[in-house]
Amino acid sequence: LKKYKLEVMLSVKHLHLKHALQTVCTLEAVILRSFGPEGGQVLFTRDTGQAMLSCSGTQILKALRLEHPLARMVVECVWKHSAVTGDGSKTFVLLLASILRLIHAAASKAPGVSQWSTEAAEAATARHLADKLLAFAMTELDDLICVSVAPHGFCVSSEDFTTKTQLPSCPNGFCVQALLSSFFHTRLDYVHCDFLSGLACELLGHWKFQNDTLSFALQFLNDNFPALHTQVSGFPVSSSHVIEGQVIHRDFATPCLQVNNQPVKAVVVTEYLQPKLLRRGDMLDLGCGGRVTGEKSIIPFSAWTERSLESVIATLQSLGVSVLLCAVKQSAAALALAAQAEMCLVECVSEEELSLFVRLSGVAPISDCWMIQPENVATLTFCKPIQLGAHRYADNLITSFKPCSLVICGSGEVQTEQYASAFQDAIRMLFTTWEPTRMTETTALKKPVQSHQCTSLNAHNLTEDTVCRSSDVYVLKPGCVIPAGGTFEFLLHHALLQHGRSCSASNYTNTGVGVSQILADALLTVPRQIYSHNLKSFLQTQTRVTSFTSNQPHHFMLLKNARGTTEDPEKGDEPSKLFTLDSGLESVSCKHQLLLAVLQCLTICCVDSLFIRALIFKPAAYLYSFYESKIYVRCFSLFRSSIMAAVKITHCLLHLVLV
Amino acid sequence: MALNGGLCYHPANIHMFPDEEDFEWEPPSEAEMKVIQARRERQDKISKLMGDYLLKGYKMLGECCDLCGTILLQDKQQKNYCVSCQELDSDIDKDNPALNAQAALSQVRERQLAAQSPPPPHAPQLNGGASSSQSGGTVPQPRPEHCEGAAAGGRALLPPPVAPTPAAPAAATTLAPSRPPVSPQSSTLRPVLQEAEEAVLTKLRWATTQLQSSASLETSIQLCSLITSCASSLRSLKELSQ
């Protein structure tokens, strides 16, 4: 765990609820026209003249010039959320704005507001509601989703990625490729979404091995994606492909003579082969090994360095090494000697690629040139230059492991970058889908469901398809998806209303009712915006979904594995009418994470005095440990409440970072 | 918005106000709802405009405008810009009849509407009755150059009540309810209606005599409109009595 240094410069700034509302509503207005399957794209023009079209919420928000601290904080929250789940940044802002509006309306209606100081009472009510919402989400939302939403979903098989119609038992469209296809459809365009999803499935298929789980492969891909893909601009997207081997994004520094496909041996070198003559801060003490000569000059020293270099190259030759991957730029003498010894040298390889190589091949890099052991030597099937677009790179294939990397083509540099980031987000989204219980913080805080608390949870309707139950705690099974287009929101809305009604019947306080009502109303804005051009579809979808919630939830076939039969033969092989062929799929756990992140961001927005002027996150490690951190706080004014507020804010933010 | 009376926030949870008792939350009246709705729409408009400016490359500052409290934007030439002050019409000035002819017009129309709906104080008496029973002051006059017709009509309604019988204002005050929707009981309706009818007829007769003797075009037009409004009040009185 690396340590973050969170520098928080405080200055007194009073934030009223209406400012928070205005800020968030402005951000909502910015992304609203790009939202949904019929949303438009934003054209960005840099001062250099480069133009870019994008409908990714994170990119749009990051490109805005914002100095307002709350706006910057919201954008930061959106960015962090999308770095985890890869999707849902526009939905985030939409939900945040609608919940904040409802809270604002509730706060201004609260009794006592007109009598006393309006803003203080409003702020207090808003904070209280936000805290209640978050508490509700942490404790009961999981169960609601598992009980009322997930049974209408479907668990996608993780066994086969090849094509979508190959499996006889798989109904058309229920596989990983369909999920990826609808993701790319919303993120990029509908022309290439099938092709790109096929490409992603191919890549996944290569990297998933028999004994590993899908989530392991996804995590590996996510962590090493920069090293596993190459961007080539100037070609159409359809020329993207998967190639064998790991591509090192540097050309050979010495001529590479690969005559036949013999396995070659390679080493990884992190230091300079020839000891550097003069480095900053070095002091040369001239004296040649104890021998006292008449003169003291640098020439014997440089002769010595050359001799040591020759011995290093000789050692490498004796081990049969013919490829050297170096992290630094070697001296001219080293290059000359390596060329003479017919060794291929690649310089200035990036740290990520080297670490990936080391991980895949299992060798240790050479840190001390005088101690070269056989375990530093890796065997490669081939190592040859490859021409991708305008650049020549080195391509390696390791025998024990057959990696493959992705070549992403695009018509311009900016477009290619967009495709690459869309790919990475797709991998993140898949990872979140297959690892729904990754958020260990929230599950630790959860208490098990007590059956007498809320009678609206129809536990007997639950099947084992999408939800598994272990010791009274409901957990989503990996790979649970649901049709896109607002189905999740409608189902959850219905469930929340029922929950609110049943809880008011029992001895819950009134605030419990208000909270589920607020959340239920806010959720409906998402489908409303999706169907804003076509209200008829909105009503149609709503009636279709609610008709399913009133009956027993229909269950679908679960693909346990490609070869096995289904558990329940009477279910037949017709999918439920809830799934239509063109509706697309979306992941349930991504939506769940989205809701949690929105409610956490909400608690920050409802803080009445904003004391954070500038937040500087050092872009080091991803994980952050709250208790081991050092928070440097420079206070300009010392009020007790201000300190408390600042601590609360940092706690919320750090909680976000943890999540 | 589905948040009706369901949300009841107990003030005991606010530490700042420990001495509060439980206030009864009353739903806002229709006028207040309209104001809230208008304010919300204005805020939405402001947000949309600000969003468009942000997409054009303006910078959102951390400061607010002194006048209206909206967040300030800054363009590429380092000039500050407040969306609501400089683009939208002001929220409050809009409703002040002294500054805005539209507001004056709408105020006069509102009063006329209140005058014509049952049970009506008859139209000529409205301004006099309303002003004498409520504020006691005069109705703020709209600028005649902007709204000739209705303003003139409104103005013309004023001078007649000064002249005629003192019984009319007394009748007006006894039967002038401040809100049109409030309707008295049917038992007390008959004498009230009859008195109203008599008053309207008296006014009609006076207007007719004035019309016969008037020489100016303006006055004739105004008297005709007065007769029209008397006739319509008589009609509504007849409908009410049925």
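Student: Which ring does Lys384(A) lie over?
Tutor: Quick ground rules: this is a predicted model, so local features need pLDDT of at least 70 and side-chain atom pairs count only at pLDDT 80 or more, while totals for chains, interfaces and linings use all residues. Residues are numbered from 1 along each chain as its sequence is written, chains are lettered from A and ligands numbered from 1 in the order in which they are written, and side-chain values use heavy atoms, leaving out hydrogens and water. A charge sits over a ring if NZ of Lys or CZ of Arg is within 6 Å of the ring centre and within 35 degrees of the ring normal. Here, at 4.1 Å from the ring centre, Lys384(A) lies over the face of Phe382(A).

Student: How many salt bridges are there over all chains?
Tutor: The rule asks for a side-chain nitrogen of Lys or Arg within 4 Å of a carboxyl oxygen of Asp or Glu. Applied over all chains, the count of salt bridges comes to 12.

Student: What is the closest N to O distance in the salt bridge of Arg187(A) with Asp425(A)?
Tutor: Arg187(A) is buried at 13% relative accessible area, and Asp425(A) is buried at 9% (buried means under 20%, exposed over 50%, partly exposed in between, with a 1.4 Å probe and protein chains only). The closest N and O atoms of Arg187(A) and Asp425(A) are apart by 2.7 Å.

Student: And how many residues apart are Arg187(A) and Asp425(A)?
Tutor: Arg187(A) is in helix H6 (residues 176-187) of chain A and Asp425(A) in helix H12 (residues 413-434) of chain A; helices (H or I, at least four residues) and strands (E, at least two) are DSSP runs, numbered from the N terminus. The pair links distant parts of the chain, with a separation in residues of 238.

Student: Glu76(A) and Lys80(A) both lie in which helix?
Tutor: Those two form a salt bridge with closest N and O atoms 3.3 Å apart. Glu76(A) is partly exposed at 23%, whereas Lys80(A) is buried at 18%. They sit 4 residues apart, about one turn, in helix H3.

Student: How many aromatic pairs are there over all chains?
Tutor: Rings of Phe, Tyr and Trp (its six-membered ring) pair if their centres lie within 6.5 Å; planes under 30 degrees apart are stacked, over 60 edge-to-face and the rest tilted. Over all chains, the count of aromatic pairs comes to 7.

Student: At what angle are the ring planes of Trp207(A) and Phe220(A)?
Tutor: Their centres are 5.1 Å apart and the pair is tilted. Trp207(A) is buried at 4%, and so is Phe220(A) at 8%. The planes stand at 40°.
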